[in-house]
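Please keep the sequence and the 3D view open while you read.

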Amino acid sequence: MVRKGKAEDCRGIYELICDMEEKELPWDAFSQMYREMLVDSRHVFLVWEEETQVKGVLHLRMERQLHHAALVAEIMEFAVDKNARSNGIGGEMLTYASDLAKEAGCVQIEVACNQLRKNTHRFYLREGMQNFHYKFSKSLTGEDTTENVLGR
């Protein structure tokens with residue numbers, strides 16, 4: 001079921017997010033950031049747990065945004081184990097996150113999603129979200145490319 005994330009969930013969350021990104025992220029930096037975010041009230045980690053295993057994670061950041069003059073929730077990461085998909089876990093987690101954001105006073109929940117993730121786009125549309133924005137990015141590491149490839 002859905003619950004708030006804890007420090008001991010870090011490895012399971014790490015594995016889900018590495019799988020989502022199709023690459024191995026640096027563990028030390030990841031685990032340090034996770035610990036820091038756990039104690040930052042702007043960040044909420046929701047975990048779907050089955051038989052002591054982390055099967056889903058949704059990282060929600062809530063912050064005031066000037067262009068809304070209000071509190072807005074943004075899904076920063078959202079991943080469900082490949083073998084647990086299509087069982088309603090994602091929908092339940094998104095509903096839980098939306099309810100939590102609304103209770104906190106957020107006026108909107110939003111998410112950015114790579115253009116290559118067509119199934120994920122269908123999921124968000126099916127869950128009642130709208131695609132009203134574009135998100136642009138530019139590498140600051142000197143590895144800029146015009147090709148969109150997961151796992152880079």
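Is Phe 136 buried or exposed? Phe 136 is exposed, with a relative accessible area of 75%, where buried means under 20% relative accessible area, exposed over 50% and partly exposed in between, with a 1.4 Å probe and protein chains only.

## About the model

This is a predicted model, in which local features need pLDDT of at least 70 and side-chain atom pairs count only at pLDDT 80 or more, while totals for chains, interfaces and linings use all residues. Residues are numbered from 1 along each chain as its sequence is written, and side-chain values use heavy atoms, with hydrogens and water left out.

## Aromatic pairs

Eight aromatic pairs are found when the whole structure is searched; rings of Phe, Tyr and Trp (its six-membered ring) pair if their centres lie within 6.5 Å, and planes under 30 degrees apart count as stacked, over 60 as edge-to-face and the rest as tilted. Among them is the edge-to-face pair of Tyr 14 and Trp 27, with 5.0 Å centre to centre and 85° between the planes. This pair links distant parts of the chain, since Tyr 14 is in helix α1 (residues 10-21) and Trp 27 in helix α2 (residues 27-38), 13 residues apart; helices here are DSSP runs (H or I, at least four residues), numbered from the N terminus.

Tyr 14 is buried at 6% relative accessible area, whereas Trp 27 is partly exposed at 28%. Another pair, Tyr 134 and Phe 136, is tilted, with 6.3 Å between centres and 45° between the planes, and Tyr 134 counts as exposed at 75% relative accessibility.

## A cluster of rings

Tyr 14, Trp 27 and Phe 30 are linked into a cluster by ring pairs.

Terms used: Helix = DSSP H or I, 4+ residues; strand = E, 2+ residues; numbered from the N terminus.
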